[in-house]
Amino acid sequence: MRVLFDGEEFEAEEGQTVAGVLLAKGVRSWRTTRGAGRPRGLFCGIGVCFDCLVNVNGVPDVRACQRVVADGDDIRTQTGAELPS
Amino acid sequence: MSRIETADVVVIGAGIIGAACAEALSASGMRVLVVDRGAPAGGTTAGGEGNVLLSDKAPGPELDLAVASRRLWPELIESLRAELGDEIARVEWEPKGGLVVATENDARGPLAILAEAQRRAGVQATAVDAATAREMEPHLTEHVAAAVHYPEDAQLQPVLAATAMLAAVRSRGGDVRGWSEAHGLVVVNGKVAGVRVGEGTIACGAVVNACGPWAGHFGAAAGAPVEVLPRRGMVLVTAPLPHVVSRKVYAADYVAAVASSDVDLQVSAVVESTATGTVLIGSSRQRVGFDEALQVEVLRRLARSAVKLFPVLAGVPVMRAYGGFRPYTPDHLPVIGEDPRFRGLWHASGHEGAGIGLAPATGRLLADLMYGRAPVVDPTRFRVDRPAVIAEVRT
């Protein structure tokens with residue numbers, strides 16, 4: 001299956017998480033912090049720390065380590081705090 | 001082995017009310033020891049939203065106490081800053097104002113009547129039309145039948161506020177001790193001579209029962225029961241959001257929910273943001289004893305009521321939920337004063353959901369009464385020996 005990351009097409013395996021797909025492509029950061037705009041990616045990897053938040057199909061604050069990809073997902077870098085679009 | 005200790009006053013309960021009483025008493029020169037069976041500021045104080053509200057109170061003794069308290073909060077924070085420095089006195093004080101919104105036409109009349117009565121009592125309350133309300137809060141629902149703006153409503157972080165006051169007590173020679181449970185009084189000739197805490201006894205001239213929803217328990221243990229009961233509330237916390245809500249915005253039916261005595265679940269939307277960007281969604285009221293079980297139906301109704309006020313919240317993730325127990329009295333007034341059964345036993349509890357806002361005036365009033373000074377507000381309606389509150393000793 002294929003997903004989009006910031007407009008770029010990535011190949012993905014059935015059952016992979018968003019974090020899994022991104023890390024496999026060498027992407028280590030997919031969010032910036034609300035205050036200083038610092039980069040964030042995977043930290044705990046088990047759904048606890050809420051550090052790996054990302055925007056998937058217009059929904060912000062999705063935990064990349066918990067969300068299993070679906071074909072055609074539109075994944076976007078989250079900039080600080082976002083409202084759903 | 002029991003320790004021999006002394007204090008002028010022992011305050012039981014290190015929540016916001018106990019902290020405010022201890023602060024006021026130590027400011028008057030007393031050596032105060034505050035004990036809590038758990039972590040300081042870890043009970044009801046940690047389970048709410050930090051409301052400092054005038055808007056939800058009808059004219060009467062509670063509003064008088066709230067008006068005095070609203071005046072005292074900024075003064076108290078400023079004096080704590082002067083005494084302890086910026087770091088400790090940072091309590092996220094936000095005089096953000098409140099906006100009460102009626103979404104149904106039949107709520108317009110009662111809201112207008114309440115606002116008029118509050119204005120006559122000296123509260124700033126300005127009726128605003130739907131367009132103005134939506135200018136003030138751009139994400140607000142389009143279904144605004146009427147709205148009233150209360151610029152004096154404010155918010156603070158209650159755990160920080162309580163710990164700042166406790167820090168002042170310590171710096172004035174008093175002490176604060178967590179994980180120390182009070183079991184009862186030592187009474188000599190009808191007068192308090194000490195309090196039994198943990199394994200030991202602390203000799204003191206006065207004891208303040210500031211146990212919040214557990215004030216009835218300590219009262220019973222002391223042989224002086226008071227009718228203070230728990231009323232459960234839950235709060236939903238969203239993920240940190242960009243700017244969605246500026247003020248404390250709540251539905252007009254909240255005032256009726258606060259004043260009701262129903263045992264059954266009541267839900268009324270109260271929505272506000274915090275300094276970190278999360279949005280807090282209250283409020284629920286339920287009398288279920290001290291049952292802490294999380295009820296999904298309560299959370300569901302909270303979410304639904306908030307979305308009715310702010311439709312944008314429908315797609316926002318909820319990060320967590322928390323809850324607590326409000327100290328409820330049958331006549332919805334706090335209990336502040338000396339117990340008629342034992343000289344030297346004082347009560348300061350029963351503030352229900354308003355304890356954060358009412359704390360400084362409660363502490364001041366208690367100190368005024370103890371010292372025989374002119375009281376900051378008329379204490380008559382808060383008396384311990386009123387029929388709604390004084391409970392019979394069960395033998």
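How much area do domain 1 of chain B and domain 2 of chain B bury between them? About 2200 Å², with 61% of it on carbon and sulfur atoms. This is a predicted model.

Stop 1: Select chain B and colour by domain. Domain 1 of chain B covers 4-72 + 158-228 + 332-382. Domain 2 of chain B covers 98-151 + 230-328. Their C-alpha centres lie 28 Å apart.

**Stop 2: the domain interface.** Show the contacting residues: 26 from domain 1 of chain B and 30 from domain 2 of chain B. Now pick B:Glu49, B:Ser55 and B:Glu352. These supply 30% of the area that domain 1 buries against domain 2 in chain B, more than any other three residues.

Stop 3: By class, the side of domain 1 of chain B that touches domain 2 of chain B has 10 nonpolar, 11 polar and 5 charged residues. Across this interface, 9 residue pairs are in polar contact, both members at pLDDT 80 or more.

**Stop 4: chain B against chain A.** Bring up chain A. The contact takes 8 residues from chain A and 12 residues from chain B. The buried area is about 790 Å², and carbon and sulfur atoms give 73% of it. Select B:Pro240, B:Pro242 and B:Pro317. Together they supply 44% of what chain B buries against chain A, more than any other three residues. On chain B, the touching side has 9 nonpolar, 3 polar and no charged residues. Between the chains there are 0 salt bridges.

Note on methods: Residues numbered from 1 in each chain as written. Chains lettered and ligands numbered in written order. Predicted model: local features only at pLDDT ≥ 70, side-chain atom pairs only at ≥ 80, totals over all residues. Heavy atoms only, no water. Contact = heavy atoms within 4.5 Å. Buried area = accessible area lost by both parts, 1.4 Å probe. Salt bridge = Lys/Arg side-chain N within 4 Å of Asp/Glu carboxyl O. Nonpolar A, V, L, I, M, F, W, Y, C, P; charged D, E, K, R; others polar. Domains from an automatic or database assignment. Polar contact = N/O pair within 3.5 Å; in protein donor to acceptor, adjacent residues only side chain to side chain.
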